[in-house]
Protein chains: 2
Amino acid sequence: MSTTVQAPTQDLEAQLSAGSLVTDRDVIDAYASDKALFCPAGQALALVRARSVDDVVAVMAFATEHRVPVVTQGARTGLSGAANAIDGCLLLNVAAMDEIVAIDPVNQTCRVQPGVINQDLKAALAEHALSYPPDPGSVAISTIGGNVATNAGGMCCVKYGVTKDYVRAMTVVLADGTVTKLGTATAKGVAGLDLAALLVGSEGTLGTIVEVTLALKPALPPPITAVGIFPDTASAGRTVTEYMGSGAAPSLLELIDGPSVAMINAYGDFGLPDDVGALLLVQSNASGAGAVEELEAFQRIAEANGGTEVFVSDDPADSELLVAARRAVAPAMEKYANERGGGELVDDVCVPRSALGDFFEKLRAIATEFDVEIATAGHAGDGNMHPSVIFDAGDESQVAQAQEAFAAIMQLGLDLGGTITGEHGVGFLKREWLGHELDAGATLMHQKIKEALDPLGILNPGKMFG
Amino acid sequence: MSTTVQAPTQDLEAQLSAGSLVTDRDVIDAYASDKALFCPAGQALALVRARSVDDVVAVMAFATEHRVPVVTQGARTGLSGAANAIDGCLLLNVAAMDEIVAIDPVNQTCRVQPGVINQDLKAALAEHALSYPPDPGSVAISTIGGNVATNAGGMCCVKYGVTKDYVRAMTVVLADGTVTKLGTATAKGVAGLDLAALLVGSEGTLGTIVEVTLALKPALPPPITAVGIFPDTASAGRTVTEYMGSGAAPSLLELIDGPSVAMINAYGDFGLPDDVGALLLVQSNASGAGAVEELEAFQRIAEANGGTEVFVSDDPADSELLVAARRAVAPAMEKYANERGGGELVDDVCVPRSALGDFFEKLRAIATEFDVEIATAGHAGDGNMHPSVIFDAGDESQVAQAQEAFAAIMQLGLDLGGTITGEHGVGFLKREWLGHELDAGATLMHQKIKEALDPLGILNPGKMFG
């Protein structure tokens, strides 16, 4: 990488908005990583905090001329290392491009720059009685650009779909600095290949997203909430399978296993019971009597599958507290892990909903086989589970066991007809595993498309593509 | 093309299911065209009626070895010439691969071969209280494979989206005969690039789809229906703009202009009034009191925008008759055109819903400027309109005027922030126009991806890519 490290960043500086180029080593290093664990961060050449499309174009033109790799990043809240620096790269941070360009209530669309925080967009839309449903765990801190680049999910997906379902069009800066518009802002459009869809979830490997046109929904009706208590995860999993298979359309259906509930209770008081095998959190925002009917159906099915107690509440304060409890899983687990050596590997498999009972049985076998602690929460209604392997990061043998368990969980997802990643992405963390999911043809298609659109290999090299 | 015409099809025959290869010129020619007008059909080398994935693989291996172009087709109901033969090609017809492989009520998915007729799938799913909403005008005769290859739309889209919203995974035979699986059957998945989305709407230019996994919905509730009568299309257009902008979620919102209504009335008795400027057909299947409320809201907005009469009916027979009237536009217009020289160019622009009033004003100006008759129906709730230019195909000057009007309509769509094609596709008909919609960067991306995945240029050459 000696040639890249020697690239004359002062030539770049003249092309950028004043103050965009950062060469202070401490600042650069502070931007070197996202939230993934066990993903290395390299030493970047410089950091560019882009203020405009022109800044992004200048970075790509410079990168092309000097063959410098570029790692695009937003709020760096990703969990797969996709935004981590690699040696000699330019870190292209677009978080400062954070303007909501337009909100169009008549067409129910909006245009936003990539650095807009998801929650800020939601707040701005609420003033127009509109909503943008995708709600990754990072909703309060992650950017729309990052959400699009990773096809982010969240708790809404069981009813409202994922990020890709809301992307109509985008402006992208390609590897050579060309600015292009992909997709159409209209409700329908089939003029050519769906290149906007190709960019969604491409993790910075095909281009840099500098503007997005999103489809919106009318403001979502407020939900009512139910909590179901189960003796074990398998019975909770079977409940989800049967409930979703009945044609139910809950607006949220989350699972939290017993160890995770205990961690939440140790972290704060959210009114959750102690000593449960698993807990299901269900919401419905169906209109009229529909919501109550949907939660009563859940109650019947939960009790038929071994659920011991089901509470229903139409008090918005209860709903908010329960969702806050679910959102507390991540910090509660981090606290718990930190007290035990700090090791935590969060997995993200997605399986067919019919396989959830099986999934939990086999997950327990994995914990036993590798002698590790696994706590699981996730978007059960979509079959998208996040088992976390918790271990002492200072103990080499525990680290090795944890990594093997983490891999075994991905293999379990594949064995059950699912995927190694439902919403967190491949990045660095799972790049060696992508080839286990894709067959030879799909792998070759990935390589050929990558070479076609990034012939110099400067866009986030080493991520996604193993 | 002399080398391709000499390719030894008898070598291919030995690799195929018995009887799959057709070299009878009359049969081949009968398969040479889809339903597009003004699109030339070339002389194919042979027709293969594939029975299996192996047949498709054999065709592509042969085509690769002998550099023979391949045009994949299903029911040939497309309206853009994408399925038309080109000189020296193999016509690869997959309509006989028509098995519904699996229906999975628990996961609400199904796996189908490409030749399954859309309506047949709907009927099979109804037995499981499931539905597959996409409903192109050709629903009774078109195949799922063709629907996916063109990203077909229909009347449901205003509430339920288009074909791409239902495609989870697919099996594709690539240009060199490699069989690969793209996407994942699970509700979520972000393992690698979204190559299944890239294939949706690719019109046979990137690979041949041999199996599709579709997401399903619970059976849709029956709708109630309203009809609104307007003095002109512009007032109907403004009604759609305001109604959709109010957050309404109708399950159908179609517009039929006065000339089209007259053609329907001349074609059959569907109970439509005579002498209207335009007619809006609206349905709601919202639960409980929601449906009536949605149609009452429509009534208020229609009347405020110049609507003269609005009828609401909850009689399913009325609903069916009115939808049948809408579906009768195509044959009624064909009959009308045939009585006047047989010329009919059906356009397919999609504009922002806010532009519908403008669209109709300017459409009238186009009819005047080019002295042609234009009749329009379409999926107004999505802004996706089908103005048809009707003319005497035997009169050269009328043909020229009609083609200029057809082009002016596409330009109007672009000028209003829309697209040249909302659901019919590019194919041959609009390949010269694709470059008017795409910028230089997007055009180059198309070419590079095409070259990457079809380096010999044997997959439907000359279609989509101008």
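## Conventions

The model is predicted: local features require pLDDT of at least 70 and side-chain atom pairs pLDDT 80 or more, whereas totals for chains, interfaces and linings use all residues. Residues are numbered from 1 along each chain as its sequence is written, chains are lettered from A and ligands numbered from 1 in the order in which they are written, and side-chain values use heavy atoms, with hydrogens and water left out.

Helices (H or I, at least four residues) and strands (E, at least two) are DSSP runs numbered from the N terminus.

## Annotated domain

An unreviewed UniProt entry lists "domain: FAD-binding PCMH-type" for residues 40-219 of chain A. UniProt positions are given here in the numbering of the model, feature names are shortened, and annotations may be inferred rather than shown by experiment. Within residues 40-219 of chain A, 22% of the chain is helix and 25% is strand.

## Packing of helices 12 and 13

In chain A, helix 12 and helix 13 pack at an angle of about 40°, with their axes 5 Å apart. Axes are lines fitted to C-alpha atoms, for helices over the stretch in contact, and angles run from 0 to 180 degrees between N-to-C directions. Helix 12 of chain A and helix 13 of chain A are therefore oblique to each other; angles under 35 degrees count as roughly parallel, over 145 as roughly antiparallel, 65 to 115 as roughly perpendicular and the rest as oblique. Helix 12 of chain A contributes A:A325, A:R326 and A:R327 to the contact, and helix 13 of chain A contributes A:V329, A:A330 and A:P331. Contact means heavy atoms within 4.5 Å. By class, this contact has 4 nonpolar, no polar and 2 charged residues. Ala, Val, Leu, Ile, Met, Phe, Trp, Tyr, Cys and Pro count as nonpolar, Asp, Glu, Lys and Arg as charged, and the others, Gly among them, as polar.

In chain B, the axes of helix 12 (residues 316-327) and helix 13 (residues 329-338) come within 5 Å and cross at roughly 40°. Helix 12 of chain B and helix 13 of chain B are therefore oblique to each other. The contact joins B:A325, B:R326 and B:R327 of helix 12 of chain B to B:V329, B:A330 and B:P331 of helix 13 of chain B. The residues of this contact in chain B divide into 4 nonpolar, no polar and 2 charged.

In helix 10 (residues 258-267) of chain A, the residues A:G258, A:S260, A:V261, A:M263 and A:I264 are buried. Buried means under 20% relative accessible area, exposed over 50%, and partly exposed in between (1.4 Å probe, protein chains only). The elements covering these buried residues include strand 13 (252-257), strand 14 (278-284), helix 12 (316-327), helix 13 (329-338), strand 18 (373-379) and strand 19 (384-392) of chain A.

For helix 10 (residues 258-267) of chain B, the buried residues are B:G258, B:S260, B:V261, B:M263 and B:I264. Their cover includes strand 13 (252-257), strand 14 (278-284), helix 12, helix 13, strand 18 (373-379) and strand 19 (384-392) of chain B.

## Aromatic pairs

Over all chains, the structure holds 8 aromatic pairs. Rings of Phe, Tyr and Trp (its six-membered ring) pair if their centres lie within 6.5 Å; planes under 30 degrees apart count as stacked, over 60 as edge-to-face and the rest as tilted. Two of the pairs are tabulated.

| Pair | Centre distance | Plane angle | Class |
|---|---|---|---|
| B:Y132 and B:Y166 | 5.8 Å | 80° | edge-to-face |
| B:F359 and B:F360 | 5.3 Å | 75° | edge-to-face |

B:Y132 lies in the loop between strand 7 (130-131) and helix 6 (144-150) of chain B, and B:Y166 in the loop between helix 7 (157-160) and strand 8 (167-173) of chain B, so the pair ties together parts that are 34 residues apart in sequence. Both B:Y132 and B:Y166 are buried, as are B:F359 and B:F360.

## Individual residues

A:R67, in the loop between helix 4 (53-66) and strand 3 (70-73) of chain A, has a positive phi near 55° although it is a residue other than glycine. A:R67 is partly exposed, with a relative accessible area of 48%. B:D275, which is not a glycine, has a positive phi of about 50°. B:D275 is found in the loop between helix 10 and strand 14 of chain B and counts as exposed at 83% relative accessibility.
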